[in-house]
Amino acid sequence: MAGTTTPTTIDGSLDAKNIAMRVLKGAIELTDLAPLCMSVQVPELVATVPVYSVPAGNEDLEPMEESDIEGSEFTNVDFDLKKDRVKVAVTDEARYKSRAGDPLTLQIGGASDRLAQLLNKKIVTAANTTPQTSAGADWSGANNPIADIATAVAALRPYKADYCLMGSTAFANYTSHFDIATTTELGNAMAVVPGYNIPIMVSTEIDDVIDEAAAVVVASKAPGMVIGNGPVKVRRKDLMSGAEVYQIDVWREVVSNIHDTGSSTNAAVYKLTGLDG
């Protein structure tokens, strides 16, 4: 399966592989933005991978009527992977004295979280590379946020918009337009864009990379972005000073603008800005 890392794809000793798998498994669970992208394997770090577009179709044909051959268009995506690195270190004293649980397990959890944050940032950065974009209305006032989202959805056609990523301020302004009676109704209303059934995801990475008052609508199946997953290298060092150190290198890259609008913008990503006055 594309994007899957197994012990056989990790370079290192058996013990180090087990540590790396625990870190990577945790990182996968914490990387909530990965569904916005297609994933492919790039085992040799550099590759050109073909990605196809949605084929054209013909409707309401008459009996025996011929149609043009309009298959999928293939776009070559170039990858040159760089590595992300985390280190897990536990002293002998920490292992022996700890009362809060195994310190190695705690560090593995922290390393997983960091790898997830790094990938989320790569995804948002790719989404912000060359998106279609427009200034939205002030969602903190009387303006209807759905009108701006509808503009983004229409601009992504023929690709189907299936994710809406919001900065923290944009989401706070968005929710202010709903009069919710119960917590259950709040969860249902805030989870998706009404009418379009597009899941809403709030991302602090948008706050950091783009702006707190921005939103990004993505058609992930187009795709708008592709994650290139490379090899994993893990090293273990037993320090004479009394500590175990595991260094985990993960090669990966997120590439965007797979399908161009013809105006050097991403046909599957739309950014709305200025949603707070």
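What follows goes from overall figures to individual loops.

The model is predicted: local features need pLDDT of at least 70, side-chain atom pairs count only at pLDDT 80 or more, and totals for chains, interfaces and linings use all residues. Residues are numbered from 1 along each chain as its sequence is written, and side-chain values use heavy atoms, with hydrogens and water left out.

The protein has seven helices and 13 strands. These are DSSP runs, numbered from the N terminus: helices are H or I with at least four residues, strands are E with at least two. Of its 277 residues, 41% are buried (under 20% relative accessible area; exposed is over 50%, partly exposed in between; 1.4 Å probe, protein chains only). Take the contacts with a separation of 6 or more: 78% of them come from residues 24 or more positions apart. A contact means heavy atoms within 4.5 Å.

Now the cis peptide bonds. One joins R157 and P158, with omega about 15°. P158 sits in the loop between helix 4 (145-156) and strand 7 (163-166). Another runs from A222 to P223, with omega near 0°. Its proline, P223, is in the loop between strand 10 (215-218) and strand 11 (225-239).

Which non-glycine residue has a positive phi of about 55°? That is N197, in the loop between strand 8 (192-193) and strand 9 (198-202). N197 is exposed, at 59% relative accessible area. S264 is not a glycine either, and has a positive phi of about 65°. Its loop links strand 12 (243-256) and strand 13 (266-273). S264 is exposed, at 52%.
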